[in-house]
Amino acid sequence: MPKLLEVQEITMQFGGLKAVDRFSMELSQGELVGLIGPNGAGKTTVFNMLTGVYTPTSGDVLFESSSIKGLKPYQISHLGLTRTFQNIRLFKDLSVLDNVLIACDQHIAYGMLASVLKTPFYFKEEMIYQEKALELLKIFRLEHKCQELASALPYGDQRKLEIIRALATDPKMILLDEPAAGMNHAETHDLMKTIVRIRDEFQLTVLLIEHDMKLVMGICERIFVLDHGVTIAVGDPGSIQTNTKVIEAYLGVDES
Amino acid sequence: MKPEPKTLFKKSLIVPIISVFLVIAFALFIDLSVNAYIQLLFIYICVNAIMGLGLNLVNGLTGQFSIGHAGFMAVGAYLSAYVSTKISFFAAPFEMFNFPIYAISGGLLAATAGLVVGLPSLRLRGDYLAIVTLGFGEIIRVVLLNVDAIGGARGFYGIPGFQDLVVSIGGTPIVVHAFFLGFVHALLWLLVTFLVIWRLVRSTHGRAFKSVREDEIAAEAMGINTTKVKVRAFVLSSFFAGVAGSIFAHFANYLNPSTFSFIKSVDAIIIVVLGGMGSLTGSLIAAVVITLLPEILRPLQEITGVDLRMVIYALLLIVLMIVRPKGIMGSKELPDLWRGDAKTT
């Protein structure tokens with residue numbers, strides 16, 4: 001079976017600092033994989049390289065067997081690889097619905113002239129995508145808040161809206177950057193179930209960064225552990241939990 | 001039951017059609033009721049409003065910062081003035097139909113200039129556009145000062161304007177005033193500008209503009225080609241600035257490079273900020289305020305003998321920005337106000 005994403009020894013160098021050093025991973029269609037590591041390990045840098053925010057200093061990234069290294073973020077999004085952000089990056093002064101509709105932009109076919117003349121085609125497309133956006137908002141039961149400003153949502157809902165917005169691009173693969181950050185136990189539990197559900201429902205491949213170990217160990221089939229930019233362990237949740245290197249990275253080495 | 005796209009399309013024609021009739025009625029009313037000085041002010045309101053609306057597309061809606069829009073206005077004004085002294089597309093009784101063509105030609109050249117300026121500077125994030133447009137405005141002014149074919153520092157004389165039109169209905173000659181024709185022309189352009197931007201804002205293209213303003217990185221990640229979106233907004237904005245210049249040229253009948261100085265660009269920015277960034281109806285209101293305020297203060301100068309106009313003008317602006325720091329309308333539109341709490345959160 002062909003791999004959906006192949007990351008081949010990507011390195012990100014900022015001046016003298018190697019934020020990520022020869023990171024490799026292969027993901028198959030439909031997998032749910034975790035990327036963990038202590039603060040500053042380079043997890044978000046990996047996401048930024050995969051989505052085109054940074055271009056890796058060396059190495060290559062293949063998405064559906066073609067290289068996406070050096071492509072712009074919007075081009076990568078058009079190919080079906082999308083993401084959420086660790087520090088929430090919603091369009092704050094726009095409505096919840098508009099936030100989702102903006103992600104639909106790449107699929108909306110009418111041109112500028114059609115929107116100025118308000119042709120029947122314009123109305124048809126608008127209706128289709130408004131409906132689709134509302135449908136997506138139902139996943140997290142946010143549809144009744146669709147007219148509210150994104151900034152007016154509670155923190156947990158903002159995180160959920162980020163996931164919905166990413167789904168609206170019709171992705172094949174989604175990168176979640178700390179989706180549960182700032183959520184309480186019940187919310188996290190709910191989120192876990194929803195992530196698994198949307199993975200199955202939309203036939204997605206999911207790669208997520210998360211500090212909440214219960215979430216990561218609970219839903220991820222495989223886990224990559226980064227520390228200081230270096231991959232220190234790869235495996236299923238059980239083997240990661242008992243891996244001495246991982247425990248050292250998180251808890252420090254016993255000096256005595 | 002859901003409305004059909006076809007019926008919605010037909011419904012969407014109602015507002016423009018009614019507006020055209022209102023424009024004609026309003027132009028007729030102004031033509032017959034007030035003196036030539038006030039009539040000219042109405043033209044300047046139209047010119048300033050078109051400038052403000054166009055600039056709002058860039059500064060207010062797309063979140064970029066252009067401070068050289070007078071340059072695009074100058075390009076439009078001079079080109080359409082030049083064309084109008086050389087070519088006439090329609091003969092004597094129908095010569096007023098020439099002016100939309102002149103306006104479009106001025107707008108297109110300004111849009112081309114916008115593309116040339118925007119393409120390199122909008123690829124970057126941040127304040128580069130401000131620097132480049134500032135430079136562009138000055139370059140245009142200096143070029144106009146030094147090109148003799150369009151008058152150079154002496155200015156461009158003899159630009160044809162609208163002429164009275166005599167029509168005879170049943171043997172009785174009726175004079176249609178030049179002002180009426182010109183004001184309809186200006187108002188229709190204002191209507192076009194407003195409707196185009198208003199409708200764009202409510203489409204996926206407008207949402208793309210706003211997404212760039214809100215968060216460029218997130219917009220890119222969601223599949224928005226931010227460079228393309230910014231250039232689009234900027235080119236369209238330049239087009240309308242060119243049109244505004246053309247309307248101005250055919251009413252003033254005389255152009256001078258000093259008209260299009262940095263101050264003119266600042267005027268347009270004041271309209272956008274005062275009206276509220278991103279609020280189109282706000283820009284309209286601000287255009288009226290900014291055009292009329294110095295004129296209303298004119299009698300004060302005659303009484304006191306000192307030119308306090310600019311002092312008070314500045315003070316009023318400062319007070320307004322203290323009282324309403326987000327502009328007269330904020331980011332709301334007039335219809336939002338009588339829709340009540342529908343959009344407030």
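User: What makes helix H1 (residues 43-50) of chain A count as largely enclosed by the rest of the structure?

Analyst: Eight of the eight residues of this helix are buried, so H1(A) is largely enclosed. Buried means that 20 or more other C-beta atoms, placed from the backbone, lie within 10 Å of the residue's own; 12 or fewer is exposed, and in between is partly exposed. The buried residues are Lys43(A), Thr44(A), Thr45(A), Val46(A), Phe47(A), Asn48(A), Met49(A) and Leu50(A). Helix here means a DSSP run of H or I with at least four residues, and a strand is a run of E with at least two, both numbered from the N terminus. After H1(A) comes Gly52(A), with a positive phi near 90 degrees.

User: Where do the numbers and letters come from, and what kind of model is this?

Analyst: Residues are numbered from 1 along each chain as its sequence is written, while chains are lettered from A and ligands numbered from 1 in the order in which they are written. The model is predicted: local features need pLDDT of at least 70, side-chain atom pairs count only at pLDDT 80 or more, and totals for chains, interfaces and linings use all residues.

User: Is Ile50(B) buried or exposed, and how do you know?

Analyst: Ile50(B) has 29 C-beta neighbours inside 10 Å, so Ile50(B) counts as buried. Ile50(B) sits in helix H3 (residues 36-61) of chain B. Leaving out residues up to four places away in sequence, Ile50(B) touches Trp189(B), Leu190(B), Thr193(B), Phe240(B), Val243(B) and Ala244(B). Touching, or contact, means that the C-beta atoms of two residues lie within 7 Å.

User: How are H4(B) and H11(B) classed by direction, and what is the reason?

Analyst: Helix H4 (residues 69-86) and helix H11 (residues 262-275) of chain B have axes that come within 7 Å and cross at roughly 110 degrees. The axes are lines fitted to C-alpha atoms over the stretch in contact, and angles run from 0 to 180 degrees between N-to-C directions. Under 35 degrees is roughly parallel, over 145 roughly antiparallel, 65 to 115 roughly perpendicular, and the rest oblique. H4(B) and H11(B) are therefore roughly perpendicular to each other. His69(B), Ala70(B) and Met73(B) of H4(B) make the contact with Lys264(B), Ser265(B) and Ala268(B) of H11(B).

User: What class does the pair H11(B) and H12(B) get, and why?

Analyst: The axes of H11(B) and helix H12 (residues 280-296) of chain B come within 7 Å and cross at roughly 125 degrees. That makes H11(B) oblique to H12(B). By class, their contact has nine nonpolar, three polar and one charged residues. Nonpolar covers Ala, Val, Leu, Ile, Met, Phe, Trp, Tyr, Cys and Pro; charged covers Asp, Glu, Lys and Arg; the others, Gly among them, are polar.

User: How do you know whether chain B is as compact as a globular protein of its length?

Analyst: Chain B has 15 helices and two strands. Its radius of gyration is 21 Å, close to the 20 Å that the globule rule gives for 345 residues, so chain B is as compact as a globular protein of that length. The radius is taken over C-alpha atoms, and the rule is 2.2 Å times the number of residues to the power 0.38. Of the 345 residues in chain B, 46% are buried.

User: What does the rule give for chain A?

Analyst: For 256 residues a compact globule would have a radius of gyration near 18 Å, and the 19 Å of chain A agrees. Chain A contains ten helices and ten strands. Buried residues are 42% of its 256 residues.

User: How many residues make the contact between the chains?

Analyst: 27 residues of chain B are in contact with 36 residues of chain A. On the side of chain B that touches chain A, H8(B) gives the most, with seven residues. The residues of that side divide into eleven nonpolar, nine polar and seven charged.
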